[in-house]
Structure formats: structure tokens, C-alpha cells
Amino acid sequence: MIKLYNFPKSGHAHRIDLMLSLLDLPAERVFVDLAKGAHKTPEFLAMNPFGQVPVLDDNGTIIADSNAILVYLASTYDTRGQWLPRDPLGAARVQRWLSVAAGLLAFGPAAARLNTVFGASFNSDEVINRAHTLLKVMDAELGKTPFLVGNEPTIADIANYSYIAHAPEGNVSLDSYPHVRAWLNRIEALPGFIGMPRTAVGLETRA
């Protein structure tokens with residue numbers, strides 16, 4: 001049995017929760033109480049020395065870092081090669097968006113949401129502006145193809161979905177990005193889709 005150590009309001013953890021569901025892989029969800037410091041215990045740090053969720057335990061194979069887990073799951077369980085293309089160009093295109101997820105996404109929409117949901121102290125104007133820089137590029141790209149690297153969803157889409165979908169919680173409006181909103185709808189229509197719990201903060205209070 002696969003075990004996912006997660007925290008439900010973590011977009012990084014949700015990526016893996018969603019991927020497991022899309023691949024129809026049964027898994028035990030193990031709640032990690034971040035508020036009580038469960039991610040800093042010796043037992044958890046033995047699995048991930050950085051003290052972060054998510055962590056995946058696949059019958060004793062321990063993988064930390066959400067993007068690394070996405071690569072592992074797609075490489076191990078997707079026999080079609082849809083979620084992580086095997087050809088060099090397709091793999092490179094996916095890697096480009098995994099880098100975005102660890103860069104502009106993490107320090108834009110995700111950081112803005114950390115301020116409102118978890119009381120972080122990032123400069124709000126800076127992270128919101130960074131979010132809109134990313135969204136403008138994504139909207140243009142998604143005006144050409146239905147998903148980030150082509151006509152089928154890949155782990156590139158899963159890595160970026162959660163924090164874009166929940167960007168309004170961090171006071172980042174999606175109103176000016178029709179192609180991004182259509183992309184979110186396409187992901188949410190995939191068989192096996194499961195969402196992340198919404199938090200009534202930021203622009204979400206107006207929904």
C-alpha cells in the first residue's frame with residue numbers, strides 16, 4: 001500500500017493526492033499536523049530532512065519533494081507514457097514547467113496564498129505582481145494548446161494546477177486570464193479529479 005504523508009491545505013501535497021487519484025492508485029493518507037510540528041519530529045525528518053510535506057512511501061521506497069514524487073509516480077505507474085513523455089523534447093517541455101512550479105509559481109501565487117492562509121510575511125505587492133507575470137505567460141501559452149505541453153495533460157499541469165486554482169485566496173485575480181480559467185476547467189473535468197479544500201480568505205471571500 002502506498003502511503004502519502006500530507007497536509008490537506010498544502011498545494012504541494014495536493015499535487016500528489018490528485019496524481020494518485022488520476023492514476024487510480026489506492027493510497028493511505030497520513031495527516032501531518034504542521035501546526036503541532038509533526039513535520040519536525042525525528043521520525044518525519046528521517047523521511048525528509050527538509051521537514052516538508054508531501055512524502056510518499058511506496059512499500060518502503062521513500063520519495064520526498066512533490067515534483068520528484070510526480071516524476072516517480074508517472075515513471076512507475078503510467079504505462080502509456082502520457083503523464084511524463086518518454087521522448088527527449090516532450091520530457092524537456094515537462095521539465096520546463098516543473099521548474100516554473102518550483103520557481104515563479106512557488107514565489108508568486110503560492111507565496112501570496114501563504115500570506116493569507118498561513119500568516120506568512122512575504123511582501124504582498126511583490127508576490128502578487130510575480131503571480132501576474134506568470135499568469136500572463138501561462139495564458140498566452142494556453143491559448144495555443146489545451147494543456148501546458150500539448151493536447152494531453154501531463155505532470156506539468158498537475159504541478160501547476162493547485163496554486164493557480166487557489167490563487168484568488170492570495171488576492172491574485174484570474175479574471176484577466178480566460179485561457180488559464182479554461183485550462184483549470186479541463187483539469188477539473190478529468191476522470192478521477194479531486195480538489196483541494198478552499199479557504200475563505202483573500203478574493204475567495206467575494207466568491
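**A walk through a sheet and its helices**

Before going on, a word on the source. Residues are numbered from 1 along each chain as its sequence is written, and this is a predicted model, where local features need pLDDT of at least 70 and side-chain atom pairs count only at pLDDT 80 or more, while totals for chains, interfaces and linings use all residues. Side-chain values use heavy atoms, with hydrogens and water left out.

Back to D24. This residue has a positive phi of about 60°, although D24 is not a glycine. Is D24 buried or exposed? D24 is exposed, at a relative accessible area of 67%. Here, buried means under 20% relative accessible area, exposed means over 50%, and partly exposed is in between, using a 1.4 Å probe and protein chains only.

N59 also deserves a look. Its phi is positive too, near 50°, and N59 is a residue other than glycine. You can find N59 in the loop between β3 and β4 (61–64), and with a relative accessible area of 60%, N59 is exposed. That loop belongs to a hairpin: β3 and β4 form it with two residues between them, and N59 is in the turn.

A cis peptide bond joins V53 and P54, with omega at about 5°. P54 is in the loop between α2 (42–47) and β3 (55–58).

Now the sheet. In what order do the four strands stand? The order is β2-β1-β3-β4, in an open sheet with mixed pairing. The edges are β2 and β4: each has a single partner strand, so one side of each is left without a neighbour in the sheet. From one strand to the next, the twist averages 20°. Two strands count as paired if DSSP finds at least two bridges between them.

Strand β1 (residues 2–6) pairs with β2 in the parallel sense, over five bridges, and one example is I2, whose bridge partner in β2 is A27. β3 and β4, by contrast, run antiparallel and are joined by four bridges; there, V55 has A64 of β4 as its bridge partner.

How many of the five residues of β1 are buried? Four of them are, which leaves this strand mostly covered. Helices lie across the sheet: α1 lies across β1, β2 and β3, running at about 150° to β1, and α3 (residues 66–77) lies across β1, β3 and β4, at about 135° to β4. For these angles, axes are lines fitted to C-alpha atoms, for helices over the stretch in contact, and the angles run from 0 to 180 degrees between N-to-C directions.

Between β1 and α1 there is a loop, and P8 lies in it. P8 is partly exposed, at 39% relative accessibility. Leaving out residues up to four places away in sequence, P8 touches F31, M196 and P197, where contact means heavy atoms within 4.5 Å.

Last stop: helix α8 (residues 178–188). Which of its residues are buried? V180, W183, L184 and I187 are. They cover an arc of only 100° around the axis, which puts them on the same side of α8; the arc is that of the directions from the helix axis to the C-beta atoms. These buried residues pack against α6 (124–142) and α7 (155–165).

The axes of α6 and α8 come within 7 Å and cross at roughly 70°. The two helices are therefore roughly perpendicular to each other, a label for 65 to 115 degrees, with angles under 35 counted as roughly parallel, over 145 as roughly antiparallel, and the rest as oblique. L135, M138, D139 and L142 of α6 make the contact with P178, H179, V180, W183 and R186 of α8.
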